[in-house]
Amino acid sequence: MKAGLSAYVAAPFEDYKRAQTMMNRLRSVGVAITHDWTKDAVEALENGKSHTDGEMYRCAIEDRDGARDADLFVMLAPDSKEKGCAMYSELAFALDGDAYVIISGPLRDRNLFSKFAHAKFENDEDVADHVARGLLLLAKAQQLEEAAA
């Protein structure tokens, strides 16, 4: 992980509040979010707005780019096999972009490509702690490197 870390948080569309919570946790430790897709989820699920094909295409592009451009990809695995199809596509984009992948949740091993994850957790709370510890270790290593120079 590097300073100025960016992340994309994937979750089932219906679990957008869970994703918002994770994004806020990551922001609180200094991580920038590459794309916040939950704004579209709120429009659709809470406000009853139907997206046009053009809007859906825009969402797909933004999700793809957000996942591919992230240094860190956090996938919040669902609690049901009926949820979360798109996030597995986002996982593939993140892996193609060489992101550090963390998967959290009950069905974290559901997909073949979850085997590529660098870290897996049963609970979402452990993800932000893991990231914060990694950033702390990185900062300490950079201090030691600067002191040695």
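Student: In what kind of crossing does α3 pass α4?
Tutor: Good place to start, and keep in mind that this is a predicted model. Helix α3 covers residues 53–69, while helix α4 covers residues 86–96. Where α3 passes α4, the crossing is right-handed.

Student: At about what angle do α3 and α4 pack?
Tutor: Two packed helices are described by the angle between their axes and the distance between those axes. Here the axes of α3 and α4 lie 7 Å apart, and the helices pack at an angle of about 40°. That makes α3 oblique to α4, since angles under 35 degrees count as roughly parallel and 65 to 115 as roughly perpendicular. So the word for α3 relative to α4 is oblique, and the angle is about 40°.

Student: Is α1 roughly parallel or roughly antiparallel to α5?
Tutor: Helix α1 (residues 16–28) and helix α5 (residues 125–148) have axes that come within 10 Å and cross at roughly 20°. Angles under 35 degrees count as roughly parallel, so α1 is, relative to α5, roughly parallel.

Student: How many salt bridges does the structure hold?
Tutor: Side chains of opposite charge can pair when their charged atoms come close. One of these pairs is R18 with D15, whose closest N and O atoms are 3.8 Å apart. For the structure, the number of salt bridges is 7.

Student: Which residues are linked with D15 in a network of salt bridges?
Tutor: D15 forms a salt bridge with R18, and D15 counts as buried at 14% relative accessibility. The network that includes D15 links it with R18 and D124.

Student: Why are R58 and E62 separated by about one helical turn?
Tutor: R58 and E62 form a salt bridge, with 2.9 Å between the closest N and O atoms. R58 is partly exposed at 33% relative accessibility, and E62 is partly exposed at 28%. They are separated by about one helical turn because their spacing in helix α3 is 4 residues.

Student: Is D36 buried or exposed?
Tutor: The side chain of D36 meets that of R27 in a salt bridge (3.8 Å, N to O). R27 is partly exposed, with a relative accessible area of 39%. D36 has 18% relative accessibility, so D36 counts as buried.

Student: What is the relative accessible area of F113?
Tutor: F113 is in the loop between β4 (100–104) and β5 (119–121). Together with L112 and F116, F113 forms a nonpolar surface patch with about 350 Å² of accessible area. F113 counts as partly exposed because its relative accessible area is 43%.

Methods: Residues numbered from 1 in each chain as written. Predicted model: local features only at pLDDT ≥ 70, side-chain atom pairs only at ≥ 80, totals over all residues. Heavy atoms only, no water. Patch = residues over 30% accessible without salt bridge, like charges linked within 9 Å, V, L, I, M, F, W, Y side chains within 5 Å. Areas by Shrake-Rupley, 256 points an atom, 1.4 Å probe, with all protein chains shown as cover. Salt bridge = Lys/Arg side-chain N within 4 Å of Asp/Glu carboxyl O. Helix = DSSP H or I, 4+ residues; strand = E, 2+ residues; numbered from the N terminus. Buried < 20%, exposed > 50% of the residue type's maximum accessible area, 1.4 Å probe, protein only. Axes fitted to C-alpha atoms, helices over the stretch in contact; angles between N-to-C directions. Parallel < 35°, antiparallel > 145°, perpendicular 65-115°, else oblique. Left-handed = near helix turned anticlockwise from the far one by under 90°.
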